[in-house]
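Biologist: Could you take me through this structure, one question at a time?

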Amino acid sequence: MSTALRNGARAAAVMEQEVPAHEAATVYLRSEGVGLAIAVMAVSLLVGYDLVFRLHQVYGDAMSRVLTGLYITWGGQFHLAAMSFYWSPLISLLSIPFALVRHVWPPLMTYGFTANILSASFAAVGAYHINRLFWRFGLPAWARVALTLLYAFNPLILLYSGNGMSDQMECALVIASAENMVAYLQTGRLTDITKAGSWLAAAFMVRYESVPIGAGMGMGLTLAVWRYERNWQKANAVAIAFLLPVFAAGIIWILLGWMIMHDPLYFLNSRYSNGAQIASGTYNFPQVMAARHNIGITLYQVVFFSVNFIPYFPALIAVAVMQLRRRPDPIGLPLILGSLGAPLLQVALLYTHRSADWQRFFIYYVPFGVMLCGYLLWRVRRPWRFAALAGACVLFLFADYVTLQAMRSRVWGNGDTTPTALVLGTHRVKTFHTVNDYSSIYSGQVEGAYVNAHPGLRVLVSTFQSWPMMAYIHDPKQVIFSNQMDFRSVLLNPRGRANAILTVPDNSFSKQNDTINAVYPALWSGRVGWTKLIHQFPNGDRVFAILPTAP
Amino acid sequence: MITALGDAKLGQLDKKLFVSLRPFRTSPHGKWRDPVDAGAAHTVSDEDARLGRFLPFQRVGDYLFVAVVDPESSSSLVLTEFLDGKIVLCRAEAEDIMLAQDRVYGLLAGVREQRMGAWLVASGRVTAEELSAALEQQRGEAAGVKIGAILMQRGVVNHWDVAEACARQQGLPVIDLLHGDAATAFLYDERLKPVWTWTDERFWFRHLVVPLAVDHATLTIAMVDPQDEEALDVLATASGRRLRVFVTGHRDVMSVLNQRFRLAHEEASRLDLLQRRPEDSAFRQLNRMQAVTLAAIALALALGFIWKTVLTGTIVAGFIELLYASVSVFRLWAMARAAGDDSEIIVTKADMARVPPTSLPEYTILVPLYKETAVLPTLARAIQDLQYPKDRLDVKFLLEEDDLETIAAARAANLPPYIELLIVPPSEPRTKPKACNYGLTKARGEYLVIYDAEDIPEPDQLLKAITVFRQSDDTLACVQAKLSYYNENQNILTRWFTAEYANWFELLLPSLFALKMPIPLGGTSNHLRTDTLRDLGAWDPFNVAEDADLGVRLHKAGYRTAVMNSTTMEEANSDFVNWVRQRSRWVKGYLQTWLVHMRHPFKLYRELGFTGFVGFQMTVGGTPLQFLINPILWALTVVWYVFGPQYLQDIFGGWVYYVGNLCLFLGNISFLYANVVGVIKAGRPGLAKWVLLSPIYWVFMSIAAYKALNQLIFRPSYWEKTHHGLARSVGAGGAVAEANVGA
């Protein structure tokens, strides 16, 4: 008998649980999972389409990540360093193929719909793996399908499955990682732990929450293996196998940041980081200020955000109590500690005033709450099983309703109140120019059209605020974006290398973050001698010609 | 037990009791006790007892217990009249009664000649208890094994004792061929020359027989087993003469045969492959086409660098990067497959139990030894521990003639009789494959395995190999056991080395087997069909990675190699210089193997098929390639990031840069990761953290690779000797070995 099988058999025996008969169930299970994934993806795409094209809800972060993918291939040359190092790169990398075929359907870039496609695809990944996790927990098919749909159609999850943001994508990857980790703990098969580690590494390339979540899961895994097998070396080795991919991804990211941006922690220190943005005072909401250096209010907020999925804390406590038994299974502990990773990070960030309290930052209550509930259902024995499963369905339905109410709340639905109101029809107005980043898109469209209409221009543009115009430029050679390696050199000595500069109104925000404004604070007001104003856009942006007297 | 019963119960035992008259002991190391009471036995005469086939064996009060074959028979019933007192008839086996009679009355004249065991007892070579224990073994686990062989396995007698007993049993004369002038004088008898050619040389080795004299009417022979009817028939038919048979010892025959065929075997061990399949021999490193191609490439590169430096540099860099990336991707993919499933053949105890012990064939074990006095005791113990009938083991320690120290140590080691010391005549090349070839010429086994001096195979490894062979068709020519180390925790070098082996044997080789690709065999523990090996020309004595080369040749000839779930524990090299010597030999051998088989690339492609060809390039070619390329790429990386020269940016522009980065980041991390997975799979989780430092080990590999390249040019067939016996303790990995037994 192989080591893996032996481990699996032993695990199954000690856990005294019904590990499903893998081979026989695989084909049916795969069909069920794929079917659910396709359904969830289709619904998510519909939501995304509705948001973008009917409700005009385009999320700036989502679109800018997609445009980074476009920028990597800017000018027909593959230039990976152009991905920028503000955030994790997976979404930008996945956008590259869409950027290459953008001429087939321009909204892929001009409306950033690529991001919506990607978030819907990740929703499918999440649905597939949560369904598989329920199977690993021995749930019957009807319950698996029902609970998977109730997870996928949780309002917060569904919104982020459709809107192109990275939060639900992160949830899906964390679920995939957890599902494979559970598989390893059930079967002892080494590929499962490598898959779990790889999914976690992918999660790191989407959002930084994967770091505390991974640390929690890794710690739980180590303790569980040690407690279960009484083999510290094995526990360490398994933890290394689980965490090495994410650790390596982090090292690579830090190394690239150091090599290209000359700052190994650029993603933390750049002007786009949460810390930098909150330091600018933009997000000093009352509740954020209240939590600052006040652990009580911080904890209250973090706990209260579990309204995103109210069964989370009861399930957490129940699973924790089960770990006090003499011989628990090794699965509960990693789930508990993994689920605490993101909330604890938010505690640290809110307390130290390094982050705002967007509702989406607490989205992880949903996947972990669902996984913990699945674990509890696994432990329920006959004759209570059916009642427990039916009760769970009702509970999930109720939890989803509470989530929706929270999203409508001006306090707890922080960041999502407007789109929620729009979707529910309670606030249906023509939103063009008014909500989210659709105004930026319009500006980009106008500015891009101007550049296209003047083929002799070669313009210096900062991507901090003018990024949307990239999607509308026909000839990449006409624009030098601030991400380009020689941008600063050209900006300081533009003569003969560029003939125009686009600048934005010089307010406190752009003064600090926009490269052009930072270097030439007086440019917008026309007080740079070697420039001449040649055009002003409706949003206040101005184009200056570079005169021969320029340096 | 009988003595504890009361009279009434004793009377009720009549005719119902079955007794064993064999000596017994109550604990494994306790004293032997004879259930037969000599006093009771002598209440009758031995003549009556033998005639009536009974034996009074115990007296309790008035009751006399008498063992008979059938208490219900009329002759037994007569005994109650014949003997005085109260008689209790007990049932016993006829053989038990006879042996017990021999013990208490002594042997009958005439009986001595009929039973070997009896003669050995009578001659004082074995005790009655030892014989009894051997007979018990013969009835149980050693069913089908001759009593002489069992006694030899138990270390009670030697070959010569058995020969003498056999001669006495058969009424044949015995002859000593080891001592005295006359012993080998017949070897040079001109009249015997044609006799040696009447049958092929393997006949003499297989049947352990030698001709002593011949005249017009009689062929005189000496043989170990005079009951070998097949040998007698063949010789009688071939000679057309009456046979006169002497019995002799095993070592006597082997000594004669070794002298007789010494020169021929020595020549065959060097030149067999070269003469039969010159294109498969590494006697020459390059053929003309290869030399011309290499020269043309060098010239083109030189001209290219002179005229179009950047373009040439880009082409070379791109080619190398692509090659490197391909090797990395292939190996990672293969290892990922193996991590998911058990790609090797899993042999369970139940599988082994289905192979009848009596059907086990003769098995040859070749152990090349050179300056290995330190590990001899460990080796002998490991072979002694093998769970295989020792009478069917043909173990040959291959000793170099000038290695007097090891020869002396081996002779003084009091090795068991089934281990033969074979002296390999000195000749070039002085390589392990040449020694193995020499051993192969004298191998008697249907199957054959190579072990290194420091090897400790799992005890049931031979049985597992036989099971795999029996469950497969004839295309399966080789079964590779996995290798690991018992001194993994000696220092960081041994830790890295063990991790590397875990990766190779737990992930890569099983995966190659599952993918039906050629498997570069490990240096030891490869179990082969002996005839197939001979047909292929055996090992290439000029190739210092003869194992990898043989694996490829097996695949080319249409044979398969399997990997099974049995592990041989070895000694990891704990000394850096020693390690470099060993590793440089391996890398050189891989380069030799690649060059040999790439003499005709298209032919090779046809022979291996697409997947086999890819597997060959990726493993045999790719492994040394990575070691050699690594330092160049590392240096370029450092120069790039530290100095950032323009010419490098020009050469490594565009996609070449990205492929390079992919190799640098993903490639290195992936290999680290594969090593982590490998050590967990191998049951060595304690090594996982050390694996994270293995990039330093990769530097060592490159050092060895460049030494190998240098040697390939200047000393291609030079065998860098690895010194063994540096491990602090042999038992360090015992637990692991044990844990793997059931895997």
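Predicted model: local features only at pLDDT ≥ 70, side-chain atom pairs only at ≥ 80, totals over all residues.

Biologist: Is Leu208(B) buried or exposed?

Modeller: Leu208(B) sits in the loop between helix H11 (201-207) and strand E5 (209-214) of chain B, and its phi is near 50 degrees, a positive value in a residue other than glycine. Buried means under 20% relative accessible area. Because its relative accessibility is 10%, Leu208(B) counts as buried.

Biologist: What is the phi of Ala538(B)?

Modeller: Ala538(B) is placed in the loop between helix H22 (530-535) and helix H23 (546-556) of chain B, and at 5% relative accessibility this alanine counts as buried. Although Ala538(B) is not a glycine, its phi is positive, at about 60 degrees.

Biologist: Why is Glu571(B) counted as buried?

Modeller: Glu571(B) is in the loop between strand E15 (560-570) and helix H24 (576-597) of chain B. Leaving aside residues up to four places away in sequence, Glu571(B) touches several others, among them Val375(B), Glu454(B), Tyr485(B) and His724(B). The limit for a buried residue is under 20%, and Glu571(B) is therefore counted as buried, with a relative accessible area of 5%.

Biologist: Which element gives the largest share of the side of domain 1 of chain A that touches domain 2 of chain A?

Modeller: Chain A is divided into domain 1 (3-424) and domain 2 (438-546), and the area buried between these domains is about 2000 Å², of which carbon and sulfur atoms give 66%. The count between domain 1 and domain 2 of chain A is 0 salt bridges, while 2 residue pairs are in polar contact across this interface. On the domain 1 side, helix H3 (60-72) and helix H5 (107-110) of chain A each supply at least two residues. The largest share, 6 residues, comes from H3(A).

Biologist: How many nonpolar, polar and charged residues has the side of chain A that touches chain B?

Modeller: The contact takes 27 residues from chain A and 25 residues from chain B, and the two chains bury about 2200 Å² between them, 75% of it on carbon and sulfur atoms. Between chain A and chain B there are 0 salt bridges and 1 residue pair in polar contact. Helices H1 (3-15), H10 (190-204) and H12 (232-261) of chain A are the elements that give two or more residues to the chain A side, and the largest share, 13 residues, comes from H12(A). By class, the side of chain A that touches chain B has 17 nonpolar, 7 polar and 3 charged residues.

Conventions
Residues numbered from 1 in each chain as written. Chains lettered and ligands numbered in written order. Heavy atoms only, no water. Helix = DSSP H or I, 4+ residues; strand = E, 2+ residues; numbered from the N terminus. Buried < 20%, exposed > 50% of the residue type's maximum accessible area, 1.4 Å probe, protein only. Contact = heavy atoms within 4.5 Å. Domains from an automatic or database assignment. Buried area = accessible area lost by both parts, 1.4 Å probe. Salt bridge = Lys/Arg side-chain N within 4 Å of Asp/Glu carboxyl O. Polar contact = N/O pair within 3.5 Å; in protein donor to acceptor, adjacent residues only side chain to side chain. Nonpolar A, V, L, I, M, F, W, Y, C, P; charged D, E, K, R; others polar.
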